[in-house]
Each structure stands twice: as structure tokens, then as C-alpha cells.
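Let's take a look inside this protein together. Keep the sequence and the 3D view side by side as you read.

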Amino acid sequence: MSGFMNNLLSNFSTMLSVGSEQPQNTKDTDTACCGAEGGACCSSTSESKISTETAVSESYCKTAAPTAAVSHGCQEASSGCACTSSVPTEIDSLKIIYSTLTGTAKILATELAAKITTTSANISVKNIAVIDITEYDNEDLLTETSVCIFVLSSYNIEGPLDWFTKWLRDIRYDFRVDRIALSQLRYAVCGLGDSAYGEEFNGASQDIDKWLGQLGATRLYPLGACDKNADQKGQFDAWTDRFIAELEDSRSLEYAPTNIEYDSQGESEGEDEENQKDTGSGEDMVDVEDMGAMAIQLKAARKERAEEEEEEKGKAQDHAKARPKRLIGDTARVRASEEPKQVREMVSPMLHKNLTKQGYKIIGSHSGVKICRWTKSALRGRGFCYKHAFYGIQSHLCMETTPSLACANKCVFCWRHHTNPVGTVWRWKVDDPQFILDGAMENHCKMIKQLKGVPGVKADRFQEASTIRHCALSLVGEPIFYPHINEFVTLLHQRNISSFLVTNAQFPEMIAQLVPVTQLYVSVDAGTKEGLKKIDRPLFRDFWERFLGSLESLADKGQRTVYRLTLVKDHNTEEIDNYVELIRRGKPSFIEVKGVTYCGYSGASNLTMANVPYHVEVVDFCNKLVAKLGAGYEMACEHAHSCSILIASTDFKVEGEWYTHIDYEKFFALVKKGEHFTSLDYMAKTPEWALFGTPEAGFDPEETRFYRKNRKIVEPPVIS
């Protein structure tokens, strides 16, 4: 009975899951999408073993390419991914509700109704109505099951929208009203306004969009904002085109799950931050990625994990008590020779469960993908990660993945708290690189689609995020450990996706054999053998020789290379002379110096917040390092929010101006050309705001900085 219940619960969990869950036996699986269910992309069989039969042309993914061909009911292209459904979208009832004073919103709402019914053959609407909001009974919204599109004009004077706005606000903050009162409603909001009103621009539309979501309604598409002072009609047409394209995927009408992870503050975060809004970078900002708040959650997760391990241990002991039958003499030898040696999967069920809890989507037997918090920030217009300031990457166009969850180190600052497997040789099953890439792209796009329900997500950014332009191979584990890493990188470049690969410098032979990547990182966590052993806790006995060999291999690459230094106070901040020697050995193009991020309590590490350096301390370390290096390296960029500094080779300083950014199109052209090229052949100019010492401190002035409510301001130490 217990086995039956376990199977039942397992199947039920699978039905509820959004991404790929437990690795499944792929022998009897039908057609799968992008590898998520264990199969290659739109192939009739789901074989995840090494194979060259999976073609890019069989992709079940939609990209930004306007001329994408259709195959197997799906669109194919060379880059990006946003999986679609070939099932026609059927809508019983659709209501377009508008508010207007001058008649503009009514005209646009009528045009939208016509566009939905005439331009898309993949959308079938039985009943469609265009309704003035003054004629709509507000109470009907509580039982509304129609798909509702709100086209709302906002004014700083009394208007037709005021009554509905006041009513919805009262509903939102009435403690007697259920927080999922509008769970049957699916909606989208497009606001029409005048940017001359400043912060009041589309204020009512923003509030309505937010409150509907907070009352449990499913947001079908991010809020639109059309400015009267710009091309309002063009902006509205662009928003409606993207909305209709989203509507063509029948799965977009599915009701949003209640357990979507937004931010630590959830839907209410926008309200908590209303009075904390600011642009640029503040002088008093000493935020180290705001990760300290996770300590309680991580401690609870660790306790739960310990209980699970204890339970598994008990099962193993019970199993060991059973006395096996003994085989004697020749019979035993024959039986042993007959039994085939099975290669196990890297991700065990228990490990799969732990990684899934942490937000990973597991691909096949040894790969994973996860949405970075900076992707969520970029979608909301709240800033990009340090790679935007240093190299020109926009976080919402970046996919963070790894083809190997295993690592050869057990670093003290590992933010995964050592839940991933470790090893020095590959002893697991090996999945096909095409299968891994398809699965990573599909799951990434699924997670992006879930974020359309997050308040504040910008419609244009959400649409752009369906095209993957960059891949950070730095999620967890050791990507270069994967036996077919060269084929995987080549597939990325064929899709015009840049590759940022990070290695822990324990596989020098793999670095030497690696095909050109957009940028190759080596983690240099200590300057001495003793320090490296203390911080990285490597598994190889000859770890120091491997480390030095990796740095020497890096010097021979002739492409963009980076040393990544993670500063841990009281561990590696006093080893400047040794770092200088290592830099001269590997001759990197850049040196990223970053303060360690505290990820909460972990029994596997004794780090505390006292080990996290302030930004001013990182700057001081870099000043001393550059002074020791002498000519050839200078401090080029910074991203104070991430407590990061970029030291660059003066080869990238042309006529007094820094060129640390990357010309990605030129890089892809050079790769496809197949001839030798160097890092200087695809460099691009660094914007002024990203340079070290500027007032912006690496925060893009086009973005809006939000501060948490009641955040604690800590004065950084004074450096003498």
C-alpha cells in the first residue's frame, strides 16, 4: 500500500510541476519538447545518450527570428528559445474594458478587438465585447471568468477611471476579502498616459495591474505603458502584437500557480518600496546582493536535509541487516562476470529533490538551469548584474546553466552548501550536448514565462527575454568537467549565444583543449597552496600543480581570459604578493575582484558576515594589487552593488579610453570564419557610467534603483 501511495504522490507531483522533475527512463517516452522530459527536441524518440541524430532543425522552440520555419508544429531558428504550443487557443469570452475622456482609449480598444479576431488564425474567440468601464458593474469582477483586457487612460484630474480604482483599492485592503478573490480572472492591462506628469504617469494603470495580481488574478502579459508625448499609437500596436503572440500559445491561459517565486518580498514588495525609489547609485549603499536575509530559510532547509539523510541512512542500515545468499567458488566468479556493470546517473533522487527545492530545473542525468535573481531585476527595470557594467551583458537575455553539476572542489563559500556531487573523474552517464542545450533553453524559457505575473515586469523586456543571447556556464559544479564541453560550446555559438565559461582550475588539459569561448574564467581563490587548500578544499592530491597548470594553459589561449578573485576576510585578503605572481603566470585579460557573498549558515562552512568585505575594502585591495603589478594593469570598471571591481590589461585601453565590452556580433562572425583571432579583435567601448570612480558606480543610469524598506544602513570602515 505504501508503494502505491508513493507512486500516486509522485505522479501527482509530476502533474503539478512546471519544469522538468525527476529524470525519467527515456526508453518508452513519446515525443518530448526540448529535452525536458528526457528526450531530444521534437524527436520521435527520447534518447538522451550520446548521439548525433538530434538536429537543430527539429527544434520545438520559438525565437526572435522573424523568418523562422515551421516544423512539427513548432518554429525553428538559430538562437533563443521560448517554447510554444501548437494547440489553437480557444477563448469562450473576452472583454476589452476601456476608460476614456477624449475617445482615444475607445478607438484603440475597438482596433484591438478587430485585430484579435482577424489577424490570428491560431486564436478562436466565441464572444468578444468592448465595454466602457463606467458601464461595467464592478461587483461582476469578483465572479468574472472572461479574459479581460484593460485599456485605461490616466489623468491627474477627475476621470471615469476613478470610481473603479477606488473600488478595487478598497477590495484589495479590506481584510474581509479573500486574498485570492479574483483567482478565476485572467487579465492584461495597457495604460495610456502622458509622461509630462512625471511619477504620476500611468499611475492608475500601475495600481490596477498590481492590485488585480495581489487579489489572485492571473496576469497574462506585463503592463503596457503608452506615452502621449511619444508615438502612443505605435507603442500600443507593439504591445498588442506581443500580447496576441503570447495569447497564441494556449498554455498562456493557464491559471498562474500560487507558488511562483517572485522576490523575497513577494507581490507586496512594490508597495513596501514605493517611498524608497531612487535612480542611480547611492553613496551610502553597502548592499552585498541582499543575500543575508536568506539565512533563516537556509538553516531550515539544512535541518530538513539532515533529517532526510538520517532517514535514508536508517533505510540503508535496515537493508544491510538482511543476509544475502552466499555464492561459493566457480559459481560466484561466473555470476560476477555475467553481471553487466551499470553506469549510474549523477543526480540521485535525493539530490534531485534538494536541487529542485533550491530552484533548479534538472536536465537529463547531470545538468541544470536556474533563473538568476538579476534576470528578475532586469525584467523589472531595476538594474543588471556586474557583467552589464564590465562586458555589456543584459541580464534578462542571459541563461545560467551547467552541463555538469559535479565539481572537484568543496569551497567554503559555495552558495549551494555542497548539495551537488563531487569527483575527480567522470564516472556517470553522459547526456548528448544537443539534448542538454535544448532542455536548458526550454526550462529557462518556462521560468521566464512564469515571471510575467511578477508586478513591475516591463512588457518590452519580457518579450526580449524570449531570445537568449548569452549563456553563463557558471551555475554550479564544473562545466569543463563535462566530456563533451567543446560540442556544447559550439552549439551555443551556432545559435549566436555567447559563452561565459567558469572553471575552478583543476583540469588544465581540458582548458588546453577547449575551443574558443567568448570569455574564459578561472577562479583564483587563494595565492598559496595552503590558502587554496583551506578555501577551495580540492579533492585532487596534486591540486596545486593542477592549479598552476591551468593558469599556464590560460596564458596560451590567446582569447579573453579572466581571473576571478573572491575576497574572504581573514582568509585570502593578505596574499597580494602571491596573487601578483599568479597573475604574471597566467597573464589574464581581466581580473575580477569581488567580495564574498554570505549565503547564510551552513554546517559545511564556518563563514559569517564578518568575513564579507565592504566595497571600500575591495577597492583598497585592488589599489594595492595594481600598485604591486606595476605597468600593464589598471582599475577599469566597478559595480558597487555587487561589491565588484574590474582590473583590466592596458591592452584594452585605446587612446585613453577603455574597451572592456564585447562586440558579440563580431565574435560570432570570427568564430564562423574559422581563422585565428585574438581578444582585441572583438572588443567594444565601455560606457562612461561603468568606469571606476564615476558617480554611478557601475549602476546603469537608465535603470531605476529600489531600496528595501527599513533597510539597515551600515557605515563602511575608513581606509587609512
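## Cysteines on their own

Cys643 is tucked away: with a relative accessible area of 1%, this residue counts as buried. Cys643 is in no disulfide, and the nearest cysteine sulfur, in Cys622, sits 9.5 Å away. Keep in mind that this is a predicted model.

Now try Cys372, which is partly exposed, with a relative accessible area of 24%.

## The nonpolar cores

The largest nonpolar core has 113 residues, and Leu625 and Ile647 have the most contacts inside it. Helix α12 (residues 433–450) gives the most to this core, with 8 residues. Another core, of 28 residues, lies apart from it, and includes Phe500, Phe668, Phe677 and Tyr682.

Who are the neighbours of Ile647? Leaving out residues up to four places away in sequence, Ile647 touches several residues, among them Phe590, Cys622, Leu625, Tyr633 and Met635.

## An enclosed helix

Helix α17 (residues 543–555) has 13 residues and reaches 19 Å from its first C-alpha to its last, close to the expected 18 Å. Since 10 of its 13 residues are buried, α17 is largely enclosed by the rest of the structure. The buried ones include Phe543, Trp544, Phe547 and Leu551. What do the buried residues of α17 pack against? Their partners are α15, β15, α16, β16 and α18.

Technical notes:
Residues numbered from 1 in each chain as written. Predicted model: local features only at pLDDT ≥ 70, side-chain atom pairs only at ≥ 80, totals over all residues. Heavy atoms only, no water. Core = buried A, V, L, I, M, F, W, Y, C linked by side-chain atoms within 4.5 Å. Buried < 20%, exposed > 50% of the residue type's maximum accessible area, 1.4 Å probe, protein only. Helix = DSSP H or I, 4+ residues; strand = E, 2+ residues; numbered from the N terminus. Contact = heavy atoms within 4.5 Å. Expected span 1.5 Å × (residues − 1). Disulfide = S-S within 2.5 Å.
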